[in-house]
Amino acid sequence: MSKKYIKDLPSVAEKVKELDAELLLLAYKPVKGDFENVIAPDLVFEIAKRLYKNGLKIAIDGPCLGLCLAAKRFCDVHSNGDVSVCSFVRAPIGNLTQKAFEYLWRGRPKTIACPYFKMRRNCEE
């Protein structure tokens, strides 16, 4: 979610409800330090609660709530089959064309330094 696109949320939510789908709120991850468009985690949570009370099925990306789920409940699969523990940590832990996902996931690092939160803190100082 980005402050820039929050104005579109009501129409997106309406379409999601119409389709009986789930609305996934993804964290806005600025590429070039554009942190003024990041929405505060408490506001994201309030928006999610309001949408849920209006009958929408909601899923929330960890960074939206200030949580890093990389290597815990999240991974990124590249178009060539490489698997990374996060979309910000591009170093692959293996490739799906060579090894089964279960094998790669079991061998992943259990903790990582979150580059998103580090970058965010640096931009807020």
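The legends below describe close-up views of a predicted model.

Residues are numbered from 1 along each chain as its sequence is written. In this predicted model, local features need pLDDT of at least 70, side-chain atom pairs count only at pLDDT 80 or more, and totals for chains, interfaces and linings use all residues, while side-chain values use heavy atoms, with hydrogens and water left out.

View 1. The strands have the order 3-4-5, with antiparallel pairing. Strand 3 (76-77) and strand 5 stand at the edges with a single partner strand each, so one side of each lacks a neighbour in the sheet. Strand 4 (residues 82-84) and strand 5 run antiparallel and are joined by two bridges. Val83 has Gly94 as its bridge partner in strand 5. Strands are DSSP runs of E with at least two residues, helices are runs of H or I with at least four, and both are numbered from the N terminus. Two strands pair if DSSP finds at least two bridges between them. Strands of a sheet pair through backbone hydrogen bonds, either parallel or antiparallel.

View 2. Asn95 lies in strand 5 (residues 94-95). Asn95 counts as buried because its relative accessibility is 9%; buried means under 20% relative accessible area, exposed over 50%, and partly exposed in between (1.4 Å probe, protein chains only). The side chain of Asn95 makes polar contacts with the side chain of Asp82 at 2.7 Å and with that of Thr97 at 2.4 Å. A polar contact is a pair of N or O atoms within 3.5 Å; within protein, one must be able to donate a hydrogen and the other to accept it, and residues adjacent in sequence count only if both atoms are side-chain atoms. Leaving aside neighbours within four places in sequence, Asn95 is in contact (heavy atoms within 4.5 Å) with Asn80, Gly81, Asp82 and Leu104.

**View 3. A nonpolar surface patch.** Val77, Leu96 and Phe101 make a patch of about 230 Å². Patches are made of residues with over 30% relative accessible area and no salt bridge; like charges are joined within 9 Å, and nonpolar side chains (Val, Leu, Ile, Met, Phe, Trp, Tyr) within 5 Å. Accessible areas come from the Shrake-Rupley method with a 1.4 Å probe, and for residues only the protein chains shown count as cover. Leu96 is found in the loop between strand 5 and helix 3 (101-106), and is partly exposed at 36% relative accessibility.

**View 4. The salt bridge of Asp20 and Lys57.** The side chains of Asp20 and Lys57 meet in a salt bridge of 3.2 Å, N to O. Asp20 lies in the loop between helix 1 (9-19) and strand 1 (22-25) and Lys57 in strand 2 (residues 57-60), so the pair ties together parts that are 37 residues apart in sequence. Asp20 is exposed, at 54% relative accessible area, whereas Lys57 is partly exposed at 41%. A salt bridge is a side-chain nitrogen of Lys or Arg within 4 Å of a carboxyl oxygen of Asp or Glu. The structure holds four salt bridges.

**View 5. The salt bridge of Glu46 and Lys49.** The closest N and O atoms of this pair are 3.1 Å apart. Both residues lie in helix 2 (residues 41-53), three residues apart, about one turn of the helix. Glu46 is partly exposed at 37% relative accessibility, and Lys49 is partly exposed at 33%.
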